[in-house]
Amino acid sequence: MSTTDTRDSEPVTPVLSPRASIILAAVMAALAFGLDQWTKYLVVTHMQLGERITVIDGWLWWYSIRNSGAAFSMGENVTWIFTLIMATVAVYLVVIVRRTRAVYWLLALGGLLGGVLGNLWDRLFREPSFAQGHVVDFISVPNFAIFNVADSFICVCMVAIVLLNFRAVNLLGYRVQQPVKDAAKNDDMSEKNEK
């Protein structure tokens, strides 16, 4: 996630002004957070804990559970640690978004922030107690952990971030290139090797 200057004169992705960037990321975060909390509300108010509803036979179920741990129920006895980690990640994402201008980065970071905030909200305000709340999970597919909409946003946005890094697109929308002095040094080495 670099903002390093490059030799490209034009960005390789759409870019926005500082104000529009914050608005786009905030809208994306609000969408992810709102959708996550709305679906959790439906699960809590319309399903019994442990109830399972078939959506696509053999492929998809709604399965109402509460998760005190991380993915695959790891760390169930240290819920407060996940709360601290999620709060730290949320603050870090807000700081990064303020430096970001590239639309694709803003969508990915905003969605990631919304997903993190969705699960953080559960940790802070759901039973059994503040900062140790259990996350509402309900999406069940074969041979995988039971998850929720926030988890989905987190995973999809992390894939998008990996792809943006793989394409060497920085937060400002420019392709990150090898610094000029390093490129010159490599050219000199190549010339020496050819001799």
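Reply:
**A charged network**

Arg126 forms a salt bridge with Asp122. Their closest N and O atoms are 2.9 Å apart. A salt bridge here is a side-chain nitrogen of Lys or Arg within 4 Å of a carboxyl oxygen of Asp or Glu. Side chains of opposite charge can pair when their charged atoms come close.

Before going on, note that this is a predicted model: local features need pLDDT of at least 70, side-chain atom pairs need 80 or more, and totals use all residues. Residues are numbered from 1 along each chain, and side-chain values use heavy atoms, without hydrogens or water.

How exposed are the two partners? Arg126 has a relative accessible area of 21%, so it is partly exposed. Asp122 is at 0%, so it counts as buried. The cut-offs are these: buried is under 20%, exposed is over 50%, and partly exposed lies in between, with a 1.4 Å probe and protein chains only.

This pair is not alone. Salt bridges that share partners join Asp36, Lys40, Asp122 and Arg126 into one network. A search of the whole structure finds three salt bridges.

Take Asp122 again. It also forms a salt bridge with Lys40, and here the closest N and O atoms are 2.9 Å apart. This pair links distant parts of the chain. Asp122 is in helix H3 and Lys40 is in helix H1, 82 residues apart. Both Asp122 and Lys40 are buried. Helices and strands are DSSP runs numbered from the N terminus: H or I with at least four residues for helices, E with at least two for strands.

Now move to Lys40. Lys40 also pairs with Asp36, with the closest N and O atoms 2.8 Å apart. Why are Lys40 and Asp36 separated by about one helical turn? They are four residues apart in helix H1, and so about one turn separates them. Asp36 is buried, and Lys40 is too.

Gln37 brings in a further set of contacts. Gln37 sits in helix H1, which covers residues 18–46. Its relative accessibility is 14%, so Gln37 counts as buried. Leaving out residues up to four places away in sequence, Gln37 touches Gly118, Trp121, Asp122 and Arg126. Contact means heavy atoms within 4.5 Å.

**After helix H3**

Follow the chain onward from helix H3. A loop runs between helix H3 (103–125) and strand E3 (135–140), and Pro128 is in it. The peptide bond from Glu127 to Pro128 is cis, with omega near 15 degrees. Ala131 is found in that loop as well. Its phi is near 70 degrees, a positive value in a residue other than glycine. Ala131 has 18% relative accessibility, so it counts as buried.

Further along, Ala168 has a positive phi of about 60 degrees, and it is not a glycine either. Ala168 lies in the loop between helix H4 (149–166) and helix H5 (180–194). At 24% relative accessibility, Ala168 counts as partly exposed.

**The wider fold**

The protein has five helices and three strands. Along the sequence they follow the pattern α-β-β-α-α-β-α-α. The three strands form an open sheet in the order E1-E2-E3, with antiparallel pairing. E1 and E3 are the edge strands, and each pairs on one side only. Two strands pair if DSSP finds at least two bridges between them. Four bridges join E1 to strand E2 (residues 60–67).

Ile56 lies in strand E1, and its bridge partner in E2 is Leu60. Ile56 is at 45% relative accessibility, so it counts as partly exposed. Ile56 and Val141 are 85 residues apart in sequence and 9.6 Å apart in space, C-alpha to C-alpha. Val55 also lies in strand E1. Val55 is partly exposed, with a relative accessible area of 39%.

Step back to the whole chain. Buried residues make up 35% of the 195 residues. Of the contacts with a separation of 6 or more, 68% involve residues 24 or more positions apart. The bridge between Asp122 and Lys40, in helices H3 and H1, is one link between distant parts of the chain.
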